[in-house]
Amino acid sequence: MLSHRWEGKEPLLQDIQDKVIYKLDPVGGIKKLQSFCETARDLGYRWAWSDTCCIDKNIDVEHQASVKSMFIWYHHSALTVVYLSDVPPLSKSEFLAPKVILFYQKDWTLYLDPGARNHKDSVAIMQELEDATGIDQQAVVAFHPGMREAQEKLQWASTCITTLQEDIAYSLFSIFGVCLHVDYTEKKQNAFGRLLQEIIAQSGNITALDWVGKSSEFNSCLPADITSYKTPPCKLSSLSKDVIQSSVFSLRGVVALQSASELYQKLDSLSAPCFAHRWLHLPCIVFLVTEAKRRLGHDKDTYTYELKSDRLRNLQITTEDKFTSFLPAKPPSVWQTILLVHPWSCHLLGLHDPAYESESSLHDSLPAQTRPDYWDSHSEALQLIVRLGQPFSAFLLARQRDGEFKRIASNRNIIAQVKDMTSISYLMDIMTLEIL
């Protein structure tokens, strides 16, 4: 199978059907197709497949089935030939899926190792591919589709370029192991929105909501474009076992244990985030913004606001969305309420997230055999308080007239932190918001 970048006029099925490939005029895409067939023949193969001319794009059913099956086809191919005409950004599935792959240069000579049988066995080439794409070489060599590390996979795809905009989303269906219909009459944002909606629906994991840029018309909590994942999410430091143990010990006698347990139980009773007809139902801890001041900026297309909340440290955001400034003495109307929210995550409770199979559960951060004598039923609740005291990635939401909320997208990650983690009453405003 051929993996390549479409350039100029590529031959379609109708251009080659019932014809001898080698007798066609060797120009443009025909020349590339001829060279590919010659390479496959010289390697001992009797059949060769190229996406440009081996799919009848005039038959919608065949076209849609082909797009859905592409990952499986590449995965089961005897060999995938990657043609590096100018080393462009290729579809990630075309080198993640195959088991055997060979990279060819513009003159159709093997890249680096002329005697290679499979470039996935070449440490040097896999390292170079990792450097070029940002994808860990172990993931390239032994990739498995699924929801695990969803945000990282979206970051991989953020540099993809496709002829049809919708294909960026469609090419990721198989990466995440989802089965959705292909519709080339829909908008790019709709195709991408359906994919992200399915990722959250199946996994309950909200790392796909961790992005910066413009909001999608599909849902304001989703990005308008895959490029919003180019910026790596802000890496917030995780707490070590010793720090958690020490912090739990220091909170005893300071925090009301009954209140902490009630908070834990309240969060534990929440359902995972989910979508319903494009509406995101997001469980979260809510912090009311009591003051918003717009600062004068040099960029006429963005607005910078200083935000204050009684329960959070002051912070600053930059956004392309404009909203009215307000003060505690003159708060906005109820339907114009602005919130900062801490999205629910099973990690807050120390629970294992199946979307991160490689990570250990925080619930087991203190194994039974190493737990100190003071460890009791309240310890899980105190661990929760410790985690809630750490900086977190917040969403800024604006209430609409009909009661639903919309996300105010920011040009940078919004990192918030509670003022006093021992004041549990600050953290008790917990609800599931409907976001459109």
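Rings of Phe, Tyr and Trp (its six-membered ring) pair if their centres lie within 6.5 Å; planes under 30 degrees apart count as stacked, over 60 as edge-to-face and the rest as tilted. By that rule, eleven aromatic pairs turn up in a search of the whole structure.

Some housekeeping: this is a predicted model, where local features need pLDDT of at least 70 and side-chain atom pairs pLDDT 80 or more, while totals for chains, interfaces and linings use all residues. Residues are numbered from 1 along each chain as its sequence is written, and side-chain values use heavy atoms, leaving out hydrogens and water.

Select Tyr 305 and Phe 323: they are stacked, 3.9 Å centre to centre with 10° between the planes. Tyr 305 lies in strand β7 and Phe 323 in the loop between β8 and β9 (338-343), so the pair ties together parts 18 residues apart in sequence. Strands here are DSSP E runs of at least two residues and helices H or I runs of at least four, numbered from the N terminus. Both Tyr 305 and Phe 323 are buried (under 20% relative accessible area, 1.4 Å probe, protein chains only).

Now show β7 (residues 303-309) and β8: six bridges join them, antiparallel (strands pair if DSSP finds at least two bridges between them). Pick Leu 307 and you'll find its bridge partner, Leu 315, in β8.

Next, colour Trp 49, Trp 73 and Tyr 74, a cluster linked by ring pairs.

Last stop: α2. Among its buried residues are Ile 30, Leu 33 and Phe 36.

Conventions
Buried means under 20% relative accessible area, exposed over 50%, partly exposed in between (1.4 Å probe, protein chains only).
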